[in-house]
Amino acid sequence: MRLTVFGATGGIGQEIVRQALDAGHHVTAVVRDPARLTVTGARLEVFRADLTDPEAVRPAVAGRDAVLSGLGARTRRDAGVATRLTRTVLRAMEAEGTRRLLVVSAAPVGPEPEGEGPLDRVARGIVSAVLKDTYADLRAMEAELTRSATDWTVVRPPRLRDSPLGGTYRTVVGGSPPKSRFIGRADVAHAMLAMTDDLATVKQGVGVAY
(Lines give C-alpha, C1' and ligand atoms only; values in the text may rest on other atoms or scores of the structure.)
Protein backbone atom coordinates (compact mmCIF):
# COMPACT_ATOMS: atom_id res chain seq x y z
CA MET A 1 0.00 0.00 0.00
CA ARG A 2 0.93 3.65 -0.36
CA LEU A 3 0.72 5.18 3.11
CA THR A 4 1.24 8.67 4.52
CA VAL A 5 2.23 9.15 8.14
CA PHE A 6 1.75 12.42 10.02
CA GLY A 7 3.58 12.98 13.29
CA ALA A 8 6.26 10.72 11.84
CA THR A 9 8.98 11.85 14.25
CA GLY A 10 6.95 11.02 17.37
CA GLY A 11 7.11 7.79 19.32
CA ILE A 12 4.14 6.15 17.61
CA GLY A 13 4.73 7.83 14.26
CA GLN A 14 8.28 6.55 13.86
CA GLU A 15 7.10 3.05 14.75
CA ILE A 16 4.38 3.25 12.10
CA VAL A 17 6.95 4.30 9.50
CA ARG A 18 9.42 1.60 10.52
CA GLN A 19 6.90 -1.23 10.63
CA ALA A 20 5.20 -0.15 7.42
CA LEU A 21 8.51 -0.17 5.56
CA ASP A 22 9.37 -3.57 7.03
CA ALA A 23 6.01 -4.85 5.73
CA GLY A 24 6.83 -3.68 2.21
CA HIS A 25 4.64 -0.57 2.04
CA HIS A 26 5.61 2.69 0.36
CA VAL A 27 5.60 5.42 3.02
CA THR A 28 5.47 9.21 2.91
CA ALA A 29 6.58 10.60 6.27
CA VAL A 30 5.35 14.15 6.88
CA VAL A 31 7.69 16.02 9.24
CA ARG A 32 8.64 19.54 10.28
CA ASP A 33 12.27 18.63 10.92
CA PRO A 34 13.65 15.79 8.76
CA ALA A 35 16.69 15.50 11.04
CA ARG A 36 14.44 14.08 13.78
CA LEU A 37 13.36 11.13 11.62
CA THR A 38 15.71 8.26 12.35
CA VAL A 39 14.06 5.72 10.04
CA THR A 40 15.44 5.20 6.53
CA GLY A 41 14.47 3.00 3.61
CA ALA A 42 14.28 2.76 -0.16
CA ARG A 43 10.48 3.04 -0.14
CA LEU A 44 10.46 6.09 2.17
CA GLU A 45 9.66 9.62 1.01
CA VAL A 46 10.22 12.44 3.50
CA PHE A 47 7.81 15.34 3.02
CA ARG A 48 8.60 18.52 4.94
CA ALA A 49 5.60 20.58 6.11
CA ASP A 50 4.47 22.56 9.16
CA LEU A 51 0.76 21.70 8.73
CA THR A 52 -0.49 25.27 8.69
CA ASP A 53 -1.83 25.12 5.13
CA PRO A 54 -3.99 22.29 3.75
CA GLU A 55 -3.01 23.20 0.19
CA ALA A 56 0.66 22.63 0.99
CA VAL A 57 -0.16 19.20 2.44
CA ARG A 58 -2.27 17.95 -0.46
CA PRO A 59 0.65 16.39 -2.41
CA ALA A 60 1.49 14.27 0.65
CA VAL A 61 -1.96 12.63 0.71
CA ALA A 62 -2.84 12.55 -2.98
CA GLY A 63 -3.36 9.03 -4.31
CA ARG A 64 -2.61 7.34 -0.99
CA ASP A 65 -4.36 4.19 0.16
CA ALA A 66 -4.41 5.36 3.77
CA VAL A 67 -3.21 8.13 6.04
CA LEU A 68 -2.08 7.38 9.61
CA SER A 69 -1.56 10.10 12.19
CA GLY A 70 0.35 10.17 15.43
CA LEU A 71 -0.25 13.91 15.83
CA GLY A 72 -0.95 15.17 19.32
CA ALA A 73 0.24 17.25 22.23
CA ARG A 74 3.71 16.43 23.52
CA THR A 75 3.07 18.34 26.76
CA ARG A 76 0.00 19.69 28.53
CA ARG A 77 0.91 23.16 27.28
CA ASP A 78 0.36 21.92 23.71
CA ALA A 79 -3.35 21.28 24.26
CA GLY A 80 -5.25 22.24 21.11
CA VAL A 81 -2.60 21.06 18.68
CA ALA A 82 -4.28 17.72 17.89
CA THR A 83 -7.48 19.38 16.71
CA ARG A 84 -5.73 22.13 14.81
CA LEU A 85 -3.28 19.90 12.95
CA THR A 86 -5.80 17.15 12.27
CA ARG A 87 -8.12 19.74 10.75
CA THR A 88 -5.38 20.58 8.24
CA VAL A 89 -4.96 16.90 7.39
CA LEU A 90 -8.71 16.46 6.92
CA ARG A 91 -9.00 19.44 4.59
CA ALA A 92 -6.11 18.17 2.47
CA MET A 93 -7.57 14.66 2.30
CA GLU A 94 -11.04 15.88 1.41
CA ALA A 95 -9.60 18.07 -1.36
CA GLU A 96 -7.77 15.07 -2.83
CA GLY A 97 -10.53 12.51 -2.29
CA THR A 98 -8.33 10.38 -0.03
CA ARG A 99 -10.64 8.61 2.39
CA ARG A 100 -8.90 6.23 4.82
CA LEU A 101 -7.58 7.87 7.98
CA LEU A 102 -6.42 6.40 11.29
CA VAL A 103 -5.51 8.63 14.24
CA VAL A 104 -4.36 8.23 17.83
CA SER A 105 -6.53 9.51 20.68
CA ALA A 106 -6.59 8.24 24.29
CA ALA A 107 -8.55 5.68 26.30
CA PRO A 108 -10.17 8.19 28.72
CA VAL A 109 -11.80 9.93 25.75
CA GLY A 110 -13.73 6.76 24.95
CA PRO A 111 -16.45 4.92 26.86
CA GLU A 112 -15.84 3.39 30.28
CA PRO A 113 -14.69 -0.23 29.94
CA GLU A 114 -17.24 -2.88 30.90
CA GLY A 115 -16.72 -4.29 34.37
CA GLU A 116 -14.52 -1.42 35.53
CA GLY A 117 -14.20 -1.40 39.32
CA PRO A 118 -14.34 1.54 41.76
CA LEU A 119 -10.55 1.90 41.97
CA ASP A 120 -10.29 1.92 38.18
CA ARG A 121 -12.93 4.65 37.98
CA VAL A 122 -11.14 6.73 40.62
CA ALA A 123 -7.82 6.40 38.80
CA ARG A 124 -9.50 7.26 35.51
CA GLY A 125 -11.09 10.33 37.08
CA ILE A 126 -7.78 11.57 38.50
CA VAL A 127 -5.98 11.19 35.18
CA SER A 128 -8.84 12.89 33.34
CA ALA A 129 -8.73 15.83 35.76
CA VAL A 130 -4.97 16.27 35.47
CA LEU A 131 -5.05 16.06 31.68
CA LYS A 132 -8.43 17.69 31.13
CA ASP A 133 -7.17 20.18 28.53
CA THR A 134 -5.40 17.46 26.57
CA TYR A 135 -8.48 15.25 26.59
CA ALA A 136 -10.72 18.17 25.65
CA ASP A 137 -8.45 18.67 22.64
CA LEU A 138 -8.74 15.00 21.68
CA ARG A 139 -12.54 15.07 22.02
CA ALA A 140 -12.63 18.10 19.73
CA MET A 141 -10.35 16.28 17.29
CA GLU A 142 -12.66 13.26 17.29
CA ALA A 143 -15.62 15.56 16.66
CA GLU A 144 -13.82 16.95 13.61
CA LEU A 145 -13.36 13.41 12.33
CA THR A 146 -17.04 12.52 12.69
CA ARG A 147 -17.99 15.60 10.66
CA SER A 148 -15.51 14.78 7.91
CA ALA A 149 -15.97 12.84 4.67
CA THR A 150 -13.17 10.42 5.58
CA ASP A 151 -13.39 6.75 6.54
CA TRP A 152 -11.78 7.39 9.92
CA THR A 153 -10.74 5.18 12.80
CA VAL A 154 -9.76 6.52 16.22
CA VAL A 155 -7.33 4.32 18.16
CA ARG A 156 -7.55 4.89 21.93
CA PRO A 157 -4.63 3.52 23.96
CA PRO A 158 -4.18 3.90 27.74
CA ARG A 159 -0.81 4.95 29.23
CA LEU A 160 1.98 4.58 26.69
CA ARG A 161 5.34 2.92 27.18
CA ASP A 162 8.50 2.63 25.11
CA SER A 163 8.62 -1.15 25.03
CA PRO A 164 9.58 -3.54 22.21
CA LEU A 165 7.01 -4.70 19.69
CA GLY A 166 5.17 -7.74 21.01
CA GLY A 167 2.28 -7.96 18.59
CA THR A 168 -0.04 -9.32 21.30
CA TYR A 169 -2.68 -6.98 22.74
CA ARG A 170 -6.44 -6.63 23.12
CA THR A 171 -8.71 -4.50 20.95
CA VAL A 172 -12.36 -3.56 21.42
CA VAL A 173 -14.22 -1.86 18.59
CA GLY A 174 -16.52 0.80 20.03
CA GLY A 175 -15.15 0.41 23.55
CA SER A 176 -12.09 -0.24 25.70
CA PRO A 177 -10.56 -3.48 26.97
CA PRO A 178 -11.33 -3.96 30.69
CA LYS A 179 -8.54 -3.22 33.14
CA SER A 180 -6.56 -1.34 30.52
CA ARG A 181 -3.38 -0.10 32.14
CA PHE A 182 -0.80 0.50 29.42
CA ILE A 183 0.54 -0.46 26.01
CA GLY A 184 3.80 0.06 24.13
CA ARG A 185 3.97 2.64 21.38
CA ALA A 186 5.29 -0.02 19.00
CA ASP A 187 2.18 -2.13 19.56
CA VAL A 188 -0.12 0.87 19.01
CA ALA A 189 1.60 1.35 15.66
CA HIS A 190 1.19 -2.36 14.92
CA ALA A 191 -2.53 -2.18 15.72
CA MET A 192 -3.03 0.87 13.51
CA LEU A 193 -1.37 -0.81 10.54
CA ALA A 194 -3.46 -3.94 11.10
CA MET A 195 -6.65 -1.84 11.12
CA THR A 196 -5.82 0.02 7.92
CA ASP A 197 -7.82 -2.37 5.72
CA ASP A 198 -10.21 -3.61 8.44
CA LEU A 199 -13.69 -2.44 7.46
CA ALA A 200 -15.05 -3.26 10.92
CA THR A 201 -13.05 -0.35 12.36
CA VAL A 202 -14.26 2.31 9.91
CA LYS A 203 -15.97 5.25 11.65
CA GLN A 204 -15.27 3.61 15.02
CA GLY A 205 -13.23 4.25 18.12
CA VAL A 206 -11.08 1.25 18.98
CA GLY A 207 -9.63 0.64 22.43
CA VAL A 208 -6.25 -1.10 22.43
CA ALA A 209 -4.30 -2.31 25.47
CA TYR A 210 -2.35 -5.25 26.87
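**A walk from R64 to the cores**

Start by selecting R64 and T28: their side chains are joined by a polar contact of 2.8 Å (a pair of N or O atoms within 3.5 Å; within protein, one able to donate a hydrogen and the other to accept it, with residues adjacent in sequence counting only if both atoms are side-chain atoms). Keep in mind that this is a predicted model, where local features need pLDDT of at least 70, side-chain atom pairs count only at pLDDT 80 or more, and totals for chains, interfaces and linings use all residues. Residues are numbered from 1 along each chain as its sequence is written, and side-chain values use heavy atoms, leaving out hydrogens and water.

Stay on R64. Its side chain also reaches the backbone oxygen of A62, at 2.5 Å. You'll find R64 in the loop between helix 2 (54-61) and strand 4 (helices are DSSP runs of H or I, at least four residues; strands are runs of E, at least two; both numbered from the N terminus). Is R64 buried or exposed? Buried, because its relative accessibility is 10% and the cut-off is under 20%, with a 1.4 Å probe and protein chains only. Now show what R64 is in contact with beyond four places in sequence: among them R2, E45 and T98 (contact means heavy atoms within 4.5 Å).

Next, select I16, V17 and M192, the residues with the most contacts inside the largest nonpolar core, which has 28 residues (buried Ala, Val, Leu, Ile, Met, Phe, Trp, Tyr and Cys joined through side-chain atoms within 4.5 Å). Colour helix 6, which gives this core its largest share, six residues. Around I16, look for V5, L68, A189, M192 and L193.

Last stop: V57, A82, M93 and A106, which belong to a second, separate core of 27 residues.

Key: Buried means under 20% relative accessible area, exposed over 50%, partly exposed in between (1.4 Å probe, protein chains only).
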